[in-house]
Amino acid sequence: MPSSNAYDWIDQALTTIHKAKWYRQATTFEGAPGATIQQDGRSLLNFASNDYLGLAADPRLADAAIAAIQAHGTGSTGSRLLSGDRPIHRQLERAIADLKQTDDAIVFSSGYLANIGTLAAIVGSRDLVLGDRYNHSCLRLGVAAAGATLMDYEHADPIDLACLLDQHRAKFRRLVIATDSVFSMDGDLCPLPQILELAELYDGMVLVDEAHGTGVLGDRGAGGVEHLGCGDRTLIQMGTLSKALGSLGGYVAGSATLIDFLRNRAPSWIYTTALSPADTGAALAAIEIVRTEPERRAKLRENVDYVRTAIAQLTASVPDRFRLLPSDSPILCLEVSDAATVLRDGQALRDRGIFVSAVRPPTVPTSRLRLTVMATHQRSQLDQLITALEEIAIH
Ligand SMILES: *Cc1c(COP(=O)(O)O)cnc(C)c1O
């Protein structure tokens with residue numbers, strides 16, 4: 001047998017990734033998640049977490065997860081439609097529907113799988129999906145999995161969206177306009193009222209990804225849809241249990257017929273093992289906290305406003321060094337000139353005991369420091385971040 005060279009391209013591809021400074025690897029943190037995290041025995045201030053409300057280390061979630069394991073075991077042992085369905089799955093779905101004020105909801109094993117399964121179910125080869133250029137990767141992959149046609153419109157630009165609709169809508173059967181509510185790598189919000197208006201005009205559905213909105217935005221914490229005053233409109237709301245809710249899993253909330261249809265047609269729900277009892281129990285406890293402790297959201301907003309104001313002042317004094325991207329969420333991004341700079345800045349902050357994400361292409365179009373604020377950050381910790389940013393800005 002000749003030895004195969006069929007895998008040699010992988011080594012070459014990795015070399016290319018290194019050369020472009022696109023190479024990435026995981027950083028390991030020890031201990032519990034929170035406003036501070038431990039790495040190599042050292043404590044860092046954490047400005048890179050999606051745990052906006054600080055629930056991932058809340059003992060009430062841990063207790064609920066342990067109780068769920070004791071009642072139902074560590075694994076769900078089967079798919080929901082076969083042997084994996086437990087009472088807490090429906091309890092969680094009812095709690096999500098109640099939070100989102102929709103007829104019903106369905107939980108998936110991750111947000112990623114929720115988007116893929118939903119798109120695979122609702123569109124096919126004769127259909128068109130128009131997506132914001134900055135949408136999350138799973139919306140793109142979902143359209144590809146569905147075999148539908150994907151077209152990107154310019155970021156948060158209803159005029160470009162209207163233009164594409166005018167040019168292309170008539171050639172397709174169904175239409176979905178898909179958008180993040182909070183853009184994960186920018187922190188700004190989608191123009192949902194205009195999108196809904198266009199969807200109605202062009203006979204289309206709207207799929208909104210509330211991964212970073214759930215538990216964070218809106219008076220009740222229902223998300224960006226509530227915050228933008230669109231809670232009473234017909235649309236498909238997807239989200240994750242893995243960010244502000246401190247657990248793992250994804251959901252779709254909407255009309256009873258939509259959810260019933262997804263239970264029959266979403267492949268990433270039908271053919272995968274039901275969400276684990278621990279994740280389900282923890283998410284249920286988190287939703288209860290979101291419902292009953294609005295002060296966490298208020299504290300988060302206060303922290304975000306404090307940091308955003310200070311950073312806006314800083315960037316105004318060094319406009320060639322940092323640009324603060326527009327944001328209406330706990331995600332704040334400082335755009336810098338290139339990938340090498342963002343890596344250096346990320347390291348300089350790390351040297352000062354502060355952990356933020358240095359995000360580069362191809363994840364985002366331009367390199368940036370991406371920082372996320374939590375409800376559980378203390379004022380002194382926010383001040384440390386601001387001081388460190390001031391220091392690195394002049395180096
Ligand atoms: C994180 C994220 C997802 C995926 O959710 P997971 O539960 O982590 O799989 C989907 N969409 C957006 C916008 C996200 O930020």
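## Salt bridge between Arg233 and Glu200

Arg233 and Glu200 join through their side chains in a salt bridge, with an N to O distance of 3.4 Å. This pair links distant parts of the chain, 33 residues apart: Arg233 belongs to the loop between helix H9 (224-227) and strand E8 (236-240), and Glu200 to helix H8. Arg233 counts as partly exposed because its relative accessibility is 33%, whereas Glu200, with a relative accessible area of 61%, is exposed. The model described here is a predicted one.

## Other salt bridges

Over the whole structure, the search finds 25 salt bridges. One of them is formed by Asp152 and Arg140, whose closest N and O atoms are 3.2 Å apart. Here too distant parts of the chain are linked: Asp152 is in strand E5 (residues 149-153) and Arg140 in helix H6 (residues 137-146), 12 residues apart. Asp152 has a relative accessible area of 31% and is therefore partly exposed. Arg140, at 29% relative accessibility, also falls in the partly exposed class.

A salt bridge also connects Asp186 with Arg368, and its closest N and O atoms are 3.0 Å apart. Asp186 sits in the loop between strand E6 (175-180) and helix H8 (192-201), while Arg368 is in strand E14, so the pair ties together parts that lie 182 residues apart in sequence. Asp186 and Arg368 are both buried. Elsewhere, a network of salt bridges links Arg80, Asp85, Arg90, Glu93, Arg94, Asp104, Asp260 and Arg263.

Strand E14 (residues 368-372), which contributes Arg368 to the salt bridge with Asp186, is mostly covered, with 5 of its 5 residues buried. In a regular strand, side chains alternate between the two faces of the sheet. In E14, Arg368, Arg370 and Thr372 point one way and Leu369 and Leu371 the other way, and all are buried.

E14 pairs with strand E11 (residues 331-335) in the antiparallel sense, over 5 bridges. Within this pairing, Cys333 has Arg370 of E14 as its bridge partner. Strand E13 (residues 357-359) is also antiparallel to E14, and 3 bridges join the two. Ser357 stands opposite Arg370 in E14.

An open sheet is formed by 3 strands in the order E1-E2-E12, with mixed pairing. E1 and strand E12 (354-355) are at the edges and have a single partner strand each, so one side of each has no neighbour in the sheet.

Strand E1 (residues 36-39) has Ile37 and Gln39 on its covered face, and Thr36 and Gln38 on its uncovered face. E1 and strand E2 (residues 42-46) run antiparallel and are joined by 4 bridges. From the uncovered face of E1, Gln38 stands opposite Ser43 in E2. From the covered face, Gln39 has Arg42 of E2 as its bridge partner. The hairpin of E1 and E2 has 2 residues between the strands, and in it Asp40 takes a positive phi near 50 degrees.

## Gly31

Gly31 is located in the loop between helix H1 (8-19) and E1. Its relative accessibility is 69%, so Gly31 counts as exposed. Between Gly31 and Val123 the separation is 92 residues in sequence and 43 Å in space, C-alpha to C-alpha.

## Cysteines

How many disulfides are there? The count comes to 0 disulfides, where a pair of cysteine sulfur atoms has to lie within 2.5 Å. Cys138 is in no disulfide, and the nearest cysteine sulfur, belonging to Cys190, is 15 Å away. Cys138 is buried because its relative accessible area is 2%.

Cys230 is likewise in no disulfide; the nearest cysteine sulfur is that of Cys190, 8.0 Å away. With a relative accessible area of 3%, Cys230 is buried.

Technical notes:
Residues are numbered from 1 along each chain as its sequence is written. This is a predicted model: local features need pLDDT of at least 70, side-chain atom pairs count only at pLDDT 80 or more; totals for chains, interfaces and linings use all residues. Side-chain values use heavy atoms; hydrogens and water are left out. Buried means under 20% relative accessible area, exposed over 50%, partly exposed in between (1.4 Å probe, protein chains only). Two strands pair if DSSP finds at least two bridges between them. A salt bridge is a side-chain nitrogen of Lys or Arg within 4 Å of a carboxyl oxygen of Asp or Glu.
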